[in-house]
Amino acid sequence: QGLAALMRRETFKPAPLILDEKGRHVDAEGKEVSLKASAVSVLKANQRESRHIPILQPAVARDAPVVDPRMSVPSGDRKKRATFAFVEDQRYIRKAERFRNKMAVAEFNMQLKRMKEDRGQEAEKESLAQINLALLKKKQETVPDVEWWDARFLTRPSYDGLEGPDGPEGVLREEKIEAYVEHPVPIEPPSEAPEPPPLPMFLTRQERKKLRRRTRMERELQRQEMVARGLTAPPEPKVKISNMMRVLSADATADPTKIEMEVKRQMHLRLKNHNDRNQARKKTDAEKRSKKLEKLAKEVAVETTVHLYKVGDLSSKQNRYKVDVNAQYYKLHGIGLMTDDLNLVLVEGGAKSLAKFRKLMSKRIKWNAAEGDDAAADPDKSGDEEEAAGPKGKNYCQLVWEGKLSRPSMPEFKFEIARSEGNARDVLRRRGVEHYWDLIKNFEPE
């Protein structure tokens, strides 16, 4: 009996999901089922509170238009087309005048303020008419009766009579008129110094090779394009003995001896043209000398290097000749001063030139050699094998001091003989280098 009642009890089954043609959820009768999500309170306290607090729905007017102020609606008006904006005549001139007057008033106020600070209440009692108001007034330039460039051609200090019936006779000095044109000396306007030019870009070896390849490639492509358009004739094939049979296959087999002679003639002509181009680019002796002088002048363009030597004995004509010739060759300035007790050699020039001159003074000249033992030193000759100078014998040459100057103090290099120490100091004092004598005098050779 209990089992029968249990079987008769209806078992819970979920409602079937029925969808219509539009995919909406409907019940068994075909009505749409609306499923609304609602907040369900789980706790008893929240359930009691939710019964007492009503949920207010905002009132929304269905018929009112919804407008978002952030949205901009383009209007139908077209913008005016940009036209020329002409500036009124003398507009900026008047603006500049107003600015100058404003600055003048500010300067006047500053003067008045300084006056009050210096003189106290006395300045306030003075009238503004007694103060210099020249800054507030525009200076009116008076037009002269005769301009200065015309005064020397007129007999009177005015232009009256030039346009009369008689013309310029009696008014114009015709003997002053010459065939020469006087050009006024241009004066640079006062302005700020121009910006320094950009520094030159120094490329590395790889960058120079890459730039050379690119330049040659562009030149070759341009030549090929001109040949393709028929503007220039195509170059002749570069035939050699090694590729003669491949380039001139048919002609070479017909008469090989004649073709070989023609190929050798072309090879000789190419070599001759190559040598001629190299000879045309080769600098002449005058150009080589000017280039060398430019390099020497560029060394002393920024700063001048100074070397001061102390020599034990400069009585040898050969040694003096070597020093003088090398100084002239390297375009050095300075002086060789000889006295009975001390001998001074001062040279000024570029750093590279003085490095070679130092090699001459310390290595190439044999200061202890007898007269006539060696010939004059060649400026380009390397003298490392010669005897080094030093205090081994009676004579010596040592560098006392080296430094930098903005410009040389001596006009050229020459030797002078001083009878006494006072005479030697006078020679150096005239050039502003008297202190060099003190350095030489106080220096003790090693």
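Here is a short tour of this predicted model, one selection at a time.

Before you click, note that residues are numbered from 1 along each chain as its sequence is written, and that side-chain values use heavy atoms, with hydrogens and water left out. Because the model is predicted, local features need pLDDT of at least 70 and side-chain atom pairs count only at pLDDT 80 or more, while totals for chains, interfaces and linings use all residues.

**Stop one: a covered strand**

Select residues 343-349, which make up strand β5. Helices (H or I, at least four residues) and strands (E, at least two) are DSSP runs, numbered from the N terminus. In β5, 7 of the 7 residues are buried; buried means under 20% relative accessible area, exposed means over 50%, and partly exposed is in between (1.4 Å probe, protein chains only). In a regular strand the side chains alternate between the two faces of the sheet. Here one side of β5 holds Asn343, Val345, Val347 and Gly349, the other holds Leu344, Leu346 and Glu348, and both faces are covered.

Two strands pair if DSSP finds at least two bridges between them. Strand β3 (residues 304-311) runs antiparallel to β5, joined by 7 bridges; look for Val311 opposite Asn343. Strand β4 (residues 333-338) is also antiparallel to β5, over 6 bridges, with His333 partnered to Glu348. Follow the chain from β4 to β5 and you pass through a hairpin of 4 residues.

**Stop two: a positive patch**

Next, select Lys283, Arg289, Lys291, Lys292, Lys295, Lys298, Lys331, Lys352 and Lys356, which gather in a patch of positive charge on the surface. Two elements, α10 (285-299) and α12 (351-364), each give two or more residues to the patch, and α10 gives the most, with 5. Patches are made of residues with over 30% relative accessible area and no salt bridge; like charges are joined within 9 Å, and nonpolar side chains (Val, Leu, Ile, Met, Phe, Trp, Tyr) within 5 Å. Lys and Arg count as positive and Asp and Glu as negative, while His and the chain ends are not counted.

Met201 sits in the loop between α5 and α6 (205-228) and is exposed, with a relative accessible area of 72%.

**Stop four: salt bridges**

Side chains of opposite charge can pair when their charged atoms come close. A salt bridge is a side-chain nitrogen of Lys or Arg within 4 Å of a carboxyl oxygen of Asp or Glu, and the whole structure has 19 of them.

Start with Lys272 and Asp276, which meet at 3.1 Å, N to O. Both lie in helix α9 (residues 256-281), 4 residues apart, about one turn of the helix.

Finish with Lys441 and Glu421, whose closest N and O atoms are 3.0 Å apart. This pair links distant parts of the chain, with Lys441 in helix α14 (residues 435-442) and Glu421 in helix α13 (residues 421-429), 20 residues apart. Select Arg425, Asp426, Arg429, Glu434 and Asp438 too: salt bridges that share partners join them with Glu421 and Lys441 into one network.

Terms used. Accessible areas come from the Shrake-Rupley method with a 1.4 Å probe; for residues, only the protein chains shown count as cover. The place of a charge is taken as NZ of Lys, CZ of Arg, CG of Asp or CD of Glu.
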